[in-house]
Amino acid sequence: MVTAGVLSGGVVTAAEASPRPVRVASANAGDREAAANRAIVVHFFDQLFNHGNLAVIDKFVRPDYIQHHPNSPDGTGALRQYVTSLRAAHPKLHVTVERAIAEGDLVLLHSHSVSDPGDKGQAVVDIFRVQDGKIAEHWDVIQDVPDSTVSGNDMFSTLSTPRRQWPDPRVSTAKSKRIATTMFNEVTAGRDVTAFDRYAVDPFYQHNPQSPNGVAAAKGFFASVLENPGFSVSVEQVIAQGDYVAVHALYKFAPDDPGTPVLDLYRVRGGKVVEHWDVIQSVPAT
């Protein structure tokens, strides 16, 4: 949730291999549907971006595909052209999916995309809506990976225990969602930084590049943000699975501010938020 500094990224959206007004994915949608949707999306993006297999577009994407990436039109033709151009410019492009979270018809991929060997790359969150087994809609948030971070933590690893990257099916999705979203709402809408004391616990590992670890640091940052009377947050989507909860929101710092899309990702263990990642991107003029 810490948004110190906005870094605008490029246009790489990809993923690694594997065999939804405010959209809150239904907790009753069923594990099997979510698992099937996750498998489709992860396989599709590995084949498309890491292998250049354009045939998966026809197989897994609806013809009326809706695109929210600011530089890409709707439709499968535009997607095909984009991937072709991207891989021509960066033939050694590789994307590693660090986390894949699925709930109902929504699938989120948290990835590290490297266009050329040796590059720091980008942190990318892609969100997909799957309809009847095909990808129907896509959003993303992209941020350049910096040379260093204040905490010393990278933007992708899991430091809390157990050090498991993908959601733990033994953890209650509903409970994790309730804890993380309550904290988020009390801090942002309720303007109450003491919510961190109630819902988070140290060491509270922080992966925002400009933020230290710890509950006190998170409280301090938001205390300064909330001094701005024009600050507001509009939640667009919440996606949770097991111990991971993602909040996709638009942060504004003034009424006429076009806003900053932010994807906050939390890990909940033992009834407390223990770790936080985010990806932040500017809104373009058009």
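Modeller: Rings of Phe, Tyr and Trp (its six-membered ring) form an aromatic pair if their centres lie within 6.5 Å; planes under 30 degrees apart count as stacked, over 60 as edge-to-face and the rest as tilted. The model here is predicted: local features need pLDDT of at least 70, side-chain atom pairs count only at pLDDT 80 or more, and totals for chains, interfaces and linings use all residues. Residues are numbered from 1 along each chain as its sequence is written, and side-chain values use heavy atoms, with hydrogens and water left out.

Biologist: How many aromatic pairs does this rule count?

Modeller: The count is 12 aromatic pairs. Phe45 and Phe49 make a stacked one, with 5.1 Å from centre to centre and 5° between the planes. Both belong to helix α1 (residues 31-50), where four residues, about one turn of the helix, separate them. Helices (H or I, at least four residues) and strands (E, at least two) are DSSP runs, numbered from the N terminus. Phe45 and Phe49 are both buried, where buried means under 20% relative accessible area, exposed over 50% and partly exposed in between (1.4 Å probe, protein chains only). Phe196 and Phe222 have ring centres 6.2 Å apart and planes at 45°, so that pair is tilted. Because Phe196 is in helix α5 and Phe222 in helix α6, the pair ties together parts 26 residues apart in sequence.

Biologist: Which residues touch the most other members of the largest nonpolar core?

Modeller: In soluble globular proteins, nonpolar side chains tend to be buried together. A nonpolar core is a set of buried Ala, Val, Leu, Ile, Met, Phe, Trp, Tyr and Cys residues joined through side-chain atoms within 4.5 Å. The largest one here has 30 residues, and Met183, Phe196, Phe222 and Val273 touch the most other members. Elements that each supply at least two residues of this core include α4 (173-188), α6 (215-225), β9 (244-252) and β11 (272-280). A further core lies apart from it and has 26 residues, including Phe49 and Ile135.

Biologist: Which residues of α6 are buried?

Modeller: They are Val215, Ala218, Phe221, Phe222 and Val225. These residues lie on the same side of α6, because their arc around the axis is only 130°, taken from the directions from the helix axis to the C-beta atoms. Their cover includes α4, α5, β7 and β9, counted by contact, that is, heavy atoms within 4.5 Å.

Biologist: Where do the side chains of β10 point?

Modeller: In a regular strand the side chains alternate between the two faces of the sheet. Thr260, Val262, Asp264, Tyr266 and Val268 point one way from β10, while Pro261, Leu263, Leu265, Arg267 and Arg269 point the other way. As 10 of the 10 residues of β10 are buried, this strand is largely enclosed by the rest of the structure.

Biologist: How many bridges join β10 to β11?

Modeller: Two strands pair if DSSP finds at least two bridges between them. β10 and β11 run antiparallel and are joined by eight bridges, with Arg267 opposite Glu275 in β11. These two strands form a hairpin with two residues between them, and Gly270 in the turn has a positive phi of about 60°. β9 and β10 are also antiparallel, over eight bridges, and Ala249 has Val262 of β10 as its bridge partner. Nine bridges hold the antiparallel pair of β8 and β9.

Biologist: How many helices and strands does the protein chain have?

Modeller: The protein chain has six helices and 11 strands. Of its 286 residues, 53% are buried.
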